[in-house]
Amino acid sequence: METDASKHDDVLVEMKGIWMEGRSDEDWHPIINGVDLKLRQGEVLGLIGESGAGKSTLGLAAMGFCRDGVRISKGSVHFDGIDLLSASSEDKRKLLGKRIAYVAQSAAASFNPAHRLIDQHTEAPIQHGIMTKAESEADGMELYRKLRLPNPDEIGFRYPHQVSGGQLQRAMTAMAMACRPDLIIFDEPTTALDVTTQIEVLASIRQIVEEFNTAAIYITHDLAVVAQMADTIKVLLKGDEVEEAETREMLSNPTQAYTKSLWAVREFQRPAKPAVLTGATPVISVQNVTAAYGKIDVLHDISFDIHQGRTVAVVGESGSGKSTAARCITGLLPPRIGQVELDGASLPLDYRKRDRSQLQKIQMIYQMADTALNPRQTVGDIIGRPVEFYTGLTGKARRKRVEELMDQIELPADQFIDRLPSEMSGGQKQRVGIARSLAAEPNFIVCDEVTSALDQLVAEGILRLLADLQDKLNLSYMFITHDLATVKSIADEVVVMKDGCVVEQGPKAEMFTPPHHAYTDLLLSSVPEMDPDWLTNLLQERGVDNIGDAAVGKMT
Amino acid sequence: MGEAAANLILHEKKPTGILDSVLKIIAQRLALGLLTLFIVSIVIFAAVNLLPGDFAQAILGQGATPEAVEAIRTDLGLDQHPVKRYMQWLGGALQGDLGSSFAQANFASFVGEDSGVRTSVAQQIAPRFANTMFLAGVTAAIAVPFAVTLGILAALYRNSIFDRATNILTLSSISSPEFFLAYVLILFLAVLNPWLPSLSNIYDGMAFSDRLEKTLLPALTLTLVVTAHMMRMTRAAIINLLASPYIEMARLKGINPMRVIVKHALPNALAPIINVVALNLAYLITGVVVVEVVFVYPGIGQLFVDSVKIRDIPVVQACCLIFAAAYILLNLTADILSIVSNPRLRHPK
């Protein structure tokens with residue numbers, strides 16, 4: 001059997017008819033249903049699909065590795081002619097790290113907090129007997145330099161918590177390269193990063209994979225990212241292969257309906273609304289707000305207005321103060337200086353000093369519906385509680401109102417009203433979160449990254465729902481997001497934040513047409529596009545030192 | 001947001017530095033510890049006074065005449081109001097004078113040598129306490145490495161026969177009464193195979209090796225008592241971490257399982273292990289009466305029980321304060337070691 005695979009000497013990985021199962025409670029349920037995969041030396045395969053499609057599971061199986069509670073029930077995995085499924089764990093260990101390496105989604109979680117980066121880097125080469133510690137350290141610094149990490153000779157001697165997320169992700173790519181493997185599995189390596197950081201990591205990964213002619217399996221849910229990285233793309237849906245094709249072919253000419261629907265997601269666009277009348281009173285007006293955690297100011301003199309029936313998107317990277325601004329509006333974090341007006345009247349800064357009608361008018365929807373809903377309450381109770389609290393309805397009237405609200409969020413009340421959060425999907429939970437905020441009959445809703453934990457198709461559904469509700473109920477939204485595609489589809493006005501300051505604000509149409517503020521320009525240019533030449537062109541246009549965080553550094 | 005807050009905390013700590021913040025914690029805990037000791041002394045004093053009978057009745061027995069009882073009470077000041085006695089004792093204790101034992105004082109007056117120079121409680125307790133610390137030290141030196149190693153091996157071979165056997169054995173040893181374990185060990189290590197002495201009658205001026213030999217059997221008994229707790233916590237703390245991404249990463253780098261556990265899991269599991277070790281060491285200092293009795297080991301536990309029996313309040317008070325101090329100091333040490341074992345705090349940004 002093995003000789004069969006080794007005959008085609010350029011085939012590195014061959015997976016045939018892989019069936020995988022995962023255990024929940026006592027039952028084994030299918031995760032991967034008969035997928036084939038073939039990867040040649042130096043080739044990059046993109047594996048895409050929504051969460052739960054089995055991408056990571058399949059990627060790990062290519063290393064002959066299963067997480068606890070997962071098993072390969074049928075099929076074969078050959079790596080360079082070696083049957084990984086029948087190999088002893090001793091033999092597999094000799095391959096892992098040395099010839100097959102792994103780059104995980106969260107570098108912050110995947111580096112051991114107790115050891116310095118360089119010690120983790122040199123571990124595999126030393127343990128596999130490839131290099132001495134000194135050789136491997138020198139090589140590590142060389143790789144850090146290639147990956148354009150700052151202070152490459154020094155950064156390795158830091159602990160993981162002393163290094164930023166994007167730098168950690170590059171250090172992890174360097175670690176995967178430590179033994180010059182033939183194959184690297186990249187498991188969503190940029191999903192947790194900001195766009196400007198992502199672009200640097202993408203450029204680094206692509207460069208180093210090309211330089212050492214390493215084969216790679218690149219797992220992601222982001223089509224635009226995979227378009228930059230992969231030679232071929234394989235689409236997975238709930239453990240089934242949908243189709244596989246060469247990247248350009250796949251982008252220009254998808255054959256399957258599911259693939260087409262993935263491509264179509266980004267086309268949702270709301271019609272532009274007429275300009276706000278001059279002199280109209282904004283629903284929410286943030287005026288010269290400066291706020292601090294402890295003694296350190298994190299917001300510096302920010303001001304913006306949100307008008308009735310409009311969506312203001314607040315964009316910026318993590319740590320830019322978007323959520324803090326929302327906390328100032330809701331009164332969770334009273335500003336140090338400045339004030340917040342509701343319908344032209346000044347609001348008490350602390351939510352504890354606001355009266356019920358003021359509280360009622362400002363509601364929130366959270367990023368993680370999982371943690372924002374009480375896991376022990378049914379949908380009926382979760383929505384019913386604010387109904388009772390704000391409108392005073394009880395008994396049958398309350399239930400009727402809950403049913404109306406569930407109708408608005410397009411969840412049939414008869415099916416869902418008695419369910420617990422654990423019995424619903426992510427998108428359904430987010431809808432319940434929306435209904436809960438609507439229950440108060442607010443004028444203004446803060447949507448804090450409400451779609452970033454959701455798959456694209458589901459997120460699209462949520463965005464459409466929010467848009468419909470806005471039209472029906474004349475709601476105003478403050479839409480906090482780091483995803484500019486979302487901004488394009490839903491916003492009327494945009495506020496760009498950086499380091500606690502507003503760098504630019506205005507109507508969406510203006511914001512998306514040049515000239516931009518330098519930072520807005522960088523944000524916009526960092527969003528990957530479906531064009532497979534996008535990254536190449538951008539690098540040519542700007543040069544490696546003028547993208548991502550390096551460019552941000554030059555600005556300040 | 002959370003990230004920002006975490007950064008802030010780190011930034012706030014930056015100017016003071018890790019050493020300063022640790023010193024601050026130590027100072028705070030010591031102050032709280034003193035307060036705890038004060039409360040403990042009140043509780044103990046009250047509790048001992050609530051016991052039926054007092055030293056005079058206990059020492060004179062059933063044939064006591066009221067006059068004799070009264071004489072001893074007057075002699076020792078037991079006829080005074082409890083609050084006054086407590087204040088007197090506290091005043092003395094604050095000046096480093098823990099008072100003198102009733103039993104010693106009374107014996108001295110019987111033989112007519114009450115010259116006012118009595119053996120103080122401190123002098124009486126000191127050698128006993130040293131013995132107890134020696135026993136605790138020998139036990140810790142055996143038990144801690146043994147339990148942690150067992151825990152690591154049990155985590156490595158989790159759910160195997162070895163793991164189960166270790167669990168069953170340690171759990172049975174912690175569930176058995178201490179005297180039973182002691183007699184079993186005496187049977188096998190002193191009677192059937194006369195390797196170790198069954199009596200631990202150590203005294204001043206003994207050579208260290210003799211002392212060690214005599215202490216070994218009680219130390220082994222106590223090892224059996226404390227191992228289970230530490231071993232199971234080590235195992236649980238390590239297994240708890242095995243699902244973390246960095247452990248998966250280490251496995252995917254082809255690192256062998258033993259190294260994954262010792263090098264990657266153990267350093268991150270130290271905090272809970274240290275806490276359980278401290279708790280068990282405190283037990284070794286304060287709770288080994290039964291083992292001391294079985295082996296006739298002259299430790300502080302026996303002295304304590306004897307003093308309670310005859311209502312010898314000054315000695316009981318002093319012992320309780322020592323026990324409480326041991327708990328407080330060991331827990332403080334454990335907290336500081338846990339903090340220091342966290343690289344985020346050792347190496348601030």
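1. In this predicted model, helix α22 (residues 518–526) and helix α23 (residues 534–542), both of chain A, have axes that come within 11 Å of one another and cross at roughly 150°; the axes are lines fitted to C-alpha atoms over the stretch in contact, with angles running from 0 to 180 degrees between N-to-C directions, and helices (H or I, at least four residues) and strands (E, at least two) are DSSP runs numbered from the N terminus. On the α22(A) side the contact, meaning heavy atoms within 4.5 Å, is made by Asp521(A), Leu522(A), Ser525(A) and Ser526(A), and on the α23(A) side by Trp534(A), Leu538(A) and Arg542(A). By class, the contact of α22(A) with α23(A) has three nonpolar, two polar and two charged residues, where Ala, Val, Leu, Ile, Met, Phe, Trp, Tyr, Cys and Pro count as nonpolar, Asp, Glu, Lys and Arg as charged, and the others, Gly among them, as polar.

2. Between chain B and chain A about 2,900 Å² is buried, 63% of it on carbon and sulfur atoms; this area is the accessible area (1.4 Å probe) that the two parts lose on being put together, summed over both. Chain A gives 34 residues to the contact and chain B gives 26.

3. Three salt bridges are counted between chain B and chain A, each being a side-chain nitrogen of Lys or Arg within 4 Å of a carboxyl oxygen of Asp or Glu. Lys253(B) forms a salt bridge with Glu123(A), and the closest N and O atoms are 3.3 Å apart.

4. Eleven residue pairs, both at pLDDT 80 or more, are in polar contact between chain B and chain A, that is, a pair of N or O atoms within 3.5 Å, one able to donate a hydrogen and the other to accept it within protein, with residues adjacent in sequence counting only if both atoms are side-chain atoms. On the side of chain B that touches chain A, the elements giving two or more residues are α1 (2–13), α11 (245–252), α12 (257–286) and α16 (343–346) of chain B, and the residues of that side divide into eleven nonpolar, six polar and nine charged.

5. Asp80(A), in the loop between β4 (70–79) and β5 (82–83) of chain A, has a positive phi of about 50° although it is not a glycine. Asp80(A) is partly exposed, at a relative accessible area of 31% (buried is under 20%, exposed over 50%, partly exposed in between; 1.4 Å probe, protein chains only).

6. Residues are numbered from 1 along each chain as its sequence is written, and chains are lettered from A and ligands numbered from 1 in the order in which they are written. Local features need pLDDT of at least 70 and side-chain atom pairs count only at pLDDT 80 or more, while totals for chains, interfaces and linings use all residues; side-chain values use heavy atoms, with hydrogens and water left out.
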